[in-house]
Amino acid sequence: MLFAYLASLNQIPNMSNSKIVNWKHNSPISTIYDDIYFSIDDGIKETQYVFEEGNNLDIRLTCLDHERPFTTAETGFGTGLNFISLWKRIREMRSNRELHFISTEKYPLNRSDLKKALSNWPELTDLADQLVSQYPLNTSGFHHLYFDNNRIKLTLMFGDAGESYSRLSAKVDAWYLDGFAPSKNPDMWSPELFREIARLSKPDTTFSTFTAAGIVKRGLRDVGFDVRKQKGFGRKREMLVGTFVESTTTTPIDKPWFELPASKKPEEVTIIGGGLSGCSTARALAERGVKVTLIEQENQLATGGSGNPQGALYAKLPVKQTTQGELHLSGFLYSVNMLKRIDPVESFWSQCGVMQLATSDKELARQNNLIEQETYPQELVSLKNATELSKIAGTAVNFGGLFFPSAGWVSPRALCKHFVDHPNISVVQQQVKEISYAEDHWQLTTQSGEALSANHVVICNAEMANQFNQTDHLPLKTIRGQVSITEPKPTNSQLNSVVCGDGYISPAQNQQYCFGATYDLQGKERNVTQEDHESNLEKLGKVLPDIHADLASESNDLQGRTAFRCSTPDYMPIVGPAPVQDEFIETFAQLRKDRKWRFENAEAEHHPNLYVNTGHGSKGLITCPISAELLASMICDEPLPLPKDVIDAINPARFIIKKLIKQTI
């Protein structure tokens, strides 16, 4: 299914430069389906009647079960009117219930059309402006928006509805079956979509829809819904509502080794490791009301690979969609949106843009191909020549390349400090040497011999994550890197953007340039070396001649910092529940003989309440925050923020399975 999906991404029309809507009396009409987006009579009253009353949300949103957010899923986001109406109702109800609204859209409106459509309701202006300000770029995949101090979450999946929901992991409470009428858009109302709706439903999950079409009624009944007709809105005679009873089909589990263990929101979690991975995980859990103890062996946070003064915030995009590319793009967009929310004045980051230079003919050909494919919108990335980039950078740039206007730089250490500044997070300086599980809890033994108790543990201590017996099978490796640090000279040209070639340099922060970095797979030297300074200067001179000329004259005065990136054989992070290796080998041993063997009733065994988040390499700024959200959602039994195939690709068990297939274990 994964390869079919990746192929389908390139088949989804890029409508960013096309006209999605026409306008009639300030109301949008789809140019693709020749249908209206909302009722001309009164769109907001329609959504209240059809979807809010149809799913009995007034009563359900005031119930006292707050263990998990109330999850609503929709089949056509359109103008966002249904989402904003429900958000407004929750505000008016003064309900403490959190909402997670999930929706899909194959042909997203642009920001201008979205704002114009919602301007029909002046009473929604405040909420509409907030939605428009976070509204994502038109890139396929999952996008996440947060409102009202994260109490209201919106997940937008840009792509085909059936395909998008087939990649979602969630337990839906109420379905908004919206979208263009079956007569206008029959492809959406498919048996495949109805099966995914059933898969994501649970007993007492409800649905409502504006249509009473037979194809919808039969499709929902066939997958296990009790379907009823009731009076439609306005001049419409009938509509459908119903409740999920039980699934009528059994879907075989394709990869049982990647099935996640059941979980329930805990009261407390202990995290080992105080770098970007650990601090972002702590914050994601703390914002869900979980008490977090963050254990760091050093006397301050972010002393390892997360400790550089600045790091480039951008994603290197593949020409053709890959799982790794989707993770990096999703993570980049997530991090940018997060930073804009938590630090709008840019005190520890800057959205100054990033240049990815084509310093070789091969890279230039790759970049040209990427732009020609039109997979990514121009607002995300564009190709510019050296003259154009020199004007943007404020100094001479020797090469053309890609420009990412929404990218920039971040201070990782400052970001970590922000993450742990939360009343639910306590930081403890200890070195954990051993963990063991007995009597329904974990015991953490420290270097000093102290025993700490925990119900849930997340291991986030980079390359040391495999020091424990439970995780010693994880194939982690270190990559040495050195950055050079110096003050700008008065004669320097002003650098306005991050420039990435064979290395990178960011605009000066606190009167200091930070540039580099070396990439040494074999290096073990922890001290700063002059040889590496010279290497960093050589890379700088290749791309920024004027800045290099000023800095090279005083190369012996350069300061620097070394750190070891924690990476993995496939250069993907390790995020998820910790597998019991011996049990995995025994349960899935047949893979040694037949990699396509279909297992029946095989259950993957994991260490109870033990999770891992490590191996982010040099991509931590774009993979740690989204991975933290993923782990927090797993632990608290919430909809997962990444597609199932991407989650599988970073699952800690993948290395055991690969070794079984290769017969090396």
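**Strand pairing in the sheets**

A: An open sheet of 3 strands runs in the order β20-β21-β22 with antiparallel pairing, where strands are DSSP runs of E with at least two residues, helices are runs of H or I with at least four residues, both numbered from the N terminus, and two strands count as paired if DSSP finds at least two bridges between them. Its edge strands are β20 (432-438) and β22 (451-454), each of which pairs on one side only, and neighbouring strands of this sheet are turned by 25° against each other on average, direction ignored, with axes taken as lines fitted to C-alpha atoms, for helices over the stretch in contact, and angles running from 0 to 180 degrees between N-to-C directions. This is a predicted model, in which local features need pLDDT of at least 70, side-chain atom pairs count only at pLDDT 80 or more, and totals for chains, interfaces and linings use all residues. Residues are numbered from 1 along each chain as its sequence is written, and side-chain values use heavy atoms, with hydrogens and water left out.

Within the sheet, β20 pairs with β21 (residues 441-446) in the antiparallel sense over 6 bridges, and Y437 stands opposite W442 in β21.

Another open sheet, with mixed pairing, has 8 strands in the order β16-β17-β15-β25-β26-β27-β24-β28. Here β16 (382-384) and β28 (559-567) stand at the edges with a single partner strand each, so one side of each lacks a neighbour in the sheet. Helix α12 (residues 361-373) packs on this sheet, touching β15 (354-357), β16 and β17, and its direction makes about 125° with that of β15, contact meaning heavy atoms within 4.5 Å. The antiparallel pairing of β16 with β17 (residues 401-404) extends over 3 bridges, with K384 opposite G401 in β17.
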